[in-house]
Amino acid sequence: MATAAIFSSLRRRRSPSLEAFLAPVDLNEVALLQTLAAVAADLVTCFSGNSTFFQRRNSRSLIRKIEVFLVLLDYLKDAYGGSVSSLPPNAVVCLKELYLVLYRSKILLDYCVQSSKLWLLLQNQSISGHFHDLDQEILTLLDVFPFGDVILSLDVREQIELLQRQARRSKLHIDKNDETLRFQFFSFLDEFENGKIPPESNLRFFFVEKLGISDAKSCRAEIEYLEEQIVSHEGDVEPSASVLNGFVAIVRYSRFLLFGIDDREEPEFVHSTSSHKKQRRGLISQEIADTFVTIPKDFCCPISLDLMHDPVIISTGQTYDRGSISRWMEEGHCNCPKTGQMLSNTRLVTNKALRNLINQWCLAHGIPHDDASTSSPEPFAAALPTKAAVEANKATSAFLVKHLANGSQVEKTVAAREIRLLAKTGKENRGFIAEAGAIPHLRDLLSSQNPVAQENSVTAMLNLSIYDKNKSRIMDEQRCLGSIVEVLRFGLTTEARENAAATLFSLSAVHDYKKKIADEDGAVEALSRLLRDGTPRGKKDAVTALFNLSTHSENCGRMIEAGAVAALVAAMGNDGVAEEAAGALALILRQPAGAAAVVKEDAALAGLIGMMRCGTPRGKENAVAALLELCRCGGMAATEKVLKAPALAGLVHSLLFTGTKRARRKAASLARVFQRCENGNAAEAVYAGGANVAPTRDSSFVGDVSVRMAISVPVL
């Protein structure tokens with residue numbers, strides 16, 4: 001990676017300092033000549049017989065120049081006894097500059113050897129320019145070096161003069177054959193762009209005959225290298241990231257067309273050693289964890305707590321997601337869910353400013369987002385996939401689904417893995433895969449006794465579920481939800497169980513599916529078990545899924561029965577999931593049965609008070625909301641238990657001044673309960689705590705609970 005960073009500076013024609021290229025070396029010491037000779041000899045040894053696939057002529061020319069410098073350095077070392085003290089000062093300066101030129105040469109040659117063939121082909125003109133730049137630096141060095149003031153043999157002097165003449169005649173060399181191949185690669189892009197698929201014979205001639213990419217493994221290596229360039233892409237480098245995505249899609253399609261499903265790769269996953277499995281598990285967990293981001297609170301709908309797709313403003317000035325507020329109104333409500341004010345009209349006005357901010361935030365964080373508007377914000381249009389990428393990925397999807405349906409068990413496993421990878425980015429890819437019929441075949445693979453097949457299929461299902469249209473396809477597919485829950489309960493690997501939980505979290509974003517998921521046999525029990533006993537990543541998946549399910553009032557009884565309340569209470573002691581656990585409890589407490597269940601948990605009250613004392617701002621907010629709900633719905637006995645808790649009054653008082661706006665509002669309500677109780681009327685205190693709340697609350701009224709909602713975009 002260091003080499004890539006340095007080469008990046010060369011791309012922009014910048015001249016990094018000497019320290020940017022070298023390990024600390026004191027060039028003022030007498031070892032300067034020996035050091036230079038050693039570096040030059042190393043370059044000649046490493047690269048004279050190591051021919052690059054592209055840039056062969058430029059590489060050989062540079063090595064020949066370095067060989068002449070090596071002759072010069074060896075002679076100076078012998079003539080001056082290895083010391084530069086007798087050399088003219090300007091000669092010493094030139095030798096130090098030569099040190100930098102040699103290391104730049106090493107970086108460029110290393111880059112040509114280590115880069116993929118396709119990347120070198122795409123960068124053919126640029127890299128040729130870097131070789132020419134080095135030629136010009138060498139010419140400048142030769143012109144200013146005081147050869148007349150140093151001792152040189154006739155033979156060495158003749159070689160230097162010949163090198164000078166050659167350097168003066170050198171011109172930018174771009175190999176015509178390489179350029180022909182580069183144009184052909186771009187022609188494939190144009191064909192896909194125009195809705196045409198290049199003939200297999202043309203693709204085979206290009207990849208196999210010309211580039212020597214003769215199997216699936218080498219093709220996959222090319223894809224991975226291009227994907228790395230997309231991730232580390234800089235705005236001033238051509239081709240652009242969107243065009244590179246198109247090339248990746250073409251190479252991926254060509255891989256499967258030319259080499260089929262390579263079942264030789266599968267045993268590496270199934271029969272790997274124990275240590276390899278542990279290493280792979282760690283990488284997987286880290287990669288998934290790295291994809292979690294916190295949605296800004298202002299971007300979440302106060303009703304559903306989900307990221308808003310189409311934010312609209314109602315007559316009270318509050319903003320909601322169009323689907324959530326429309327459903328609220330259709331159910332006969334005439335007041336604002338957040339403020340309780342009566343609505344003067346039912347007109348919904350699009351909040352364009354907030355919608356654009358959400359779009360920009362999603363694009364900046366690589367989060368898929370189905371914008372309700374017909375066009376993207378202008379500054380981000382370049383981030384959209386090219387038509388070539390779309391068409392190539394569509395063809396690849398059809399190919400993979402065909403093998404997923406009709407291939408051998410090994411081929412199905414490999415196809416599931418490739419679908420998982422293809423579905424990791426872009427709603428278009430997710431849509432193509434689902435439209436090609438992948439979901440029922442992935443469902444069947446969920447019951448496989450091959451742990452790799454099961455893990456690939458459930459992760460692919462998770463990736464597909466991120467696209468909203470696929471949520472209904474998954475839920476409508478017979479036995480699909482049940483199969484996902486079975487993986488959650490009895491999955492063969494930790495990753496499979498965690499990704500099954502994440503899939504339920506993704507599906508539960510749709511309000512209508514929350515009840516269906518909770519009613520699925522064993523779903524809530526398995527989520528509760530994962531919250532108690534899972535890895536940090538698994539606990540996060542479980543608690544967010546349970547929170548989503550708790551926003552539906554009809555799920556309260558099911559969650560109590562399944563042991564979710566006990567698991568959520570215990571989770572408040574875990575910093576990683578405490579906020580979400582308290583938020584879910586606050587929602588469950590809104591039901592009398594939920595309040596009764598929480599009261600029975602000995603650690604519940606202590607956990608909530610502990611969070612008010614040491615929790616995050618959101619955690620304190622959720623904790624005070626939960627305590628208030630406990631007073632409202634738990635009856636006089638629960639209220640007295642809350643009010644007798646040690647130090648609670650002081651914590652409430654502190655929160656009135658230091659908490660978030662919502663926390664201060666909840667703390668004020670709880671303080672009124674304290675005041676009523678001090679006046680000796682506990683019944684009135686309970687009533688006061690809930691004075692502004694209707695006796696029956698709609699299941700979607702969750703605006704007073706705040707959590708960090710995480711969106712999982714697996715990169716497996």
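Visitor: Where does Asp310 lie?
Guide: Asp310 lies in the loop between helix 13 (274-290) and strand 1 (311-313). Helices (H or I, at least four residues) and strands (E, at least two) are DSSP runs, numbered from the N terminus. This is a predicted model: local features need pLDDT of at least 70, side-chain atom pairs count only at pLDDT 80 or more, and totals for chains, interfaces and linings use all residues. Residues are numbered from 1 along each chain as its sequence is written, and side-chain values use heavy atoms, leaving out hydrogens and water.

Visitor: Is Asp310 buried or exposed?
Guide: Buried means under 20% relative accessible area, exposed over 50%, partly exposed in between (1.4 Å probe, protein chains only). Asp310 has a relative accessible area of 13%, so Asp310 is buried.

Visitor: Which side chain does a polar contact join to that of Asp310?
Guide: A polar contact is a pair of N or O atoms within 3.5 Å; within protein, one must be able to donate a hydrogen and the other to accept it, and residues adjacent in sequence count only if both atoms are side-chain atoms. Here the partner is Arg322, at 2.5 Å. Ile358 is 48 residues from Asp310 along the chain, with 9.7 Å between their C-alpha atoms.

Visitor: How many aromatic pairs does the structure hold?
Guide: A pair of aromatic rings is described by the distance of the centres and the angle of the planes. Rings of Phe, Tyr and Trp (its six-membered ring) pair if their centres lie within 6.5 Å; planes under 30 degrees apart count as stacked, over 60 as edge-to-face and the rest as tilted. The structure holds 11 such pairs. One of them, Phe145 with Phe147, is tilted: 4.6 Å centre to centre, 40° between the planes. Both Phe145 and Phe147 are buried. Phe206 and Phe207 pair edge-to-face, at 4.9 Å centre to centre and 90° between the planes.

Visitor: Why do Phe206 and Phe207 count as buried?
Guide: Phe206 counts as buried because its relative accessible area is 0%. For Phe207 the value is 1%, so Phe207 is buried too. Phe206 and Phe207 belong to one aromatic cluster with Phe185, Phe186, Phe188 and Phe247.
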